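Please look through the sequence and the model below, beginning with the ligand and the residues around it. The paragraphs that follow start there and then move to other parts of the chain.

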Amino acid sequence: MDYTLEYFQKSADYIRAIVPWRPEVAVVLGSFLGPFADAIEDPIVIEYGDIPNFLVSTVQGHAGKLIFGTVAGRRVVCMSGRFHSYEGYDFEQLVIPVRLFRLLGAKALILTNAAGAVNTEYRPGDIMLVSDHIKLTGNSPLRGRNIDAFGPRFFDVSHMYTPELRALARECAEGTGLTLREGVYMFFTGPQFETPAEIRVARILGADAVGMSTVTEALTAAHCGMPVLCLSVMTNMAAGVLDQPLTQEEVLETATTVAARLSVCLKKIIERIGEVVAL
Ligand code: HPA
């Protein structure tokens with residue numbers, strides 16, 4: 001499929017007819033981190049299925065709706081339910097949500113996800129601020145014809161996880177009871193969890209955590225010059241670290257346990273994000 005600017009604008013036009021204001025910050029909620037959405041005041045909820053040229057969520061723990069509203073006095077759009085390559089979407093399709101946020105005028109992107117801890121000093125329930133990523137499998141979401149209105153064909157990703165936003169997140173995590181780490185997220189396509197051998201490779205390559213999402217959204221934001229913050233919930237130790245099988249239940253349990261504290265931290269970040277990003 002050859003995506004054009006008009007393709008993305010069609011989704012944005014549909015939203016603008018419903019939401020009469022510009023979101024300042026976009027938030028993507030990872031697996032089972034939906035509770036943050038309950039904190040959004042004066043919500044306007046739009047089902048993914050109603051948005052032209054958008055995608056639909058197919059995974060348990062991903063609700064499938066955009067929620068527009070106010071958090072700590074800031075206008076936000078929150079994506080409750082994200083899209084992954086393992087659902088059958090092409091990498092090129094995974095630019096869609098972030099491009100929509102960009103067209104709607106959002107000036108910063110906050111990503112959250114559930115991930116497996118590769119770094120053996122980490123513990124389930126820890127939060128890792130993503131400082132960089134490794135993506136050796138799958139395609140780039142920016143593959144295909146470049147749309148210059150979003151960004152240049154070739155673009156720098158040296159500091160795509162904005163250092164100033166990470167510094168702000170560290171301050172905001174104080175007093176929330178969260179254990180904060182900072183490290184490298186490695187992308188695997190899934191849907192199978194990784195093999196123990198793959199996790200050993202990931203560790204040798206410098207990964208601290210592994211997951212099946214996030215990098216496509218972060219790359220799309222980097223392409224259009226949008227600052228990115230990513231908070232990864234370590235829902236489990238990665239394959240082979242402990243002598244036990246990985247289950248979706250474990251991911252659910254840990255994500256649910258930290259979701260409330262993470263929501264408090266996110267709210268504080270959104271309250272102060274104007275100190276770091278021009279909104
Ligand atoms: N691997 C990949 N993705 C994940 C994991 C994992 O161990 N845990 C939660 N998402």
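How do the residues of the shell around the ligand divide into nonpolar, polar and charged? They divide into 7 nonpolar, 4 polar and 1 charged, where Ala, Val, Leu, Ile, Met, Phe, Trp, Tyr, Cys and Pro count as nonpolar, Asp, Glu, Lys and Arg as charged, and the others, Gly among them, as polar. This is a predicted model, in which local features need pLDDT of at least 70 and side-chain atom pairs count only at pLDDT 80 or more, while totals for chains, interfaces and linings use all residues. Residues are numbered from 1 along each chain as its sequence is written, and side-chain values use heavy atoms, with hydrogens and water left out.

The residues that surround the ligand are Ala-114, Ala-115, Gly-116, Phe-193, Glu-194, Val-210, Gly-211, Met-212, Thr-235, Asn-236, Leu-246 and Val-251, a residue being near a molecule if one of its heavy atoms lies within 4 Å of it. A polar side-chain atom of Asn-236 is 2.7 Å from a ligand nitrogen, a polar side-chain atom of Glu-194 is 2.8 Å from a ligand nitrogen, and a polar backbone atom of Gly-116 is 3.5 Å from a ligand nitrogen. Of the 260 Å² of accessible area that the ligand has on its own, the protein covers 95%, as computed by the Shrake-Rupley method with a 1.4 Å probe.

Which elements give two or more residues to this shell? They are strand E5 (108-117), strand E8 (209-211) and strand E9 (228-237), and E5 gives the most, with 3 residues. Here helices (H or I, at least four residues) and strands (E, at least two) are DSSP runs, numbered from the N terminus.

Two residues other than glycine have a positive phi. Most residues other than glycine have a negative phi, and most peptide bonds are trans. Thr-214, with a phi of about 75°, lies in the loop between E8 and helix H5 (215-223). Asp-42, with a phi near 45°, is found in strand E2. Are these residues buried or exposed? Thr-214 is buried because its relative accessible area is 1%, whereas Asp-42 is exposed because its value is 63%; buried means under 20% relative accessible area, exposed over 50%, and partly exposed in between (1.4 Å probe, protein chains only). The peptide bond from Gly-190 to Pro-191 is cis, with omega near 0°, and Pro-191 belongs to the loop between strand E7 (180-187) and helix H4 (196-205).

Arg-166, in helix H3, counts as buried because its relative accessibility is 12%, and its side chain reaches the backbone oxygen of Tyr-161 at 2.8 Å. Pro-152 sits in the loop between strand E6 (127-134) and helix H3 (163-173) and counts as partly exposed because its relative accessibility is 44%. The C-alpha atoms of Pro-152 and His-223 are separated by 7.1 Å, although the two residues are 71 residues apart along the chain. Ile-51, in the loop between strand E2 (41-47) and strand E3 (65-71), counts as buried because its relative accessibility is 5%, and Ile-51 and Gly-211 are 27 Å apart, C-alpha to C-alpha, and 160 residues apart in sequence.

Notes
A polar contact is a pair of N or O atoms within 3.5 Å; within protein, one must be able to donate a hydrogen and the other to accept it, and residues adjacent in sequence count only if both atoms are side-chain atoms.
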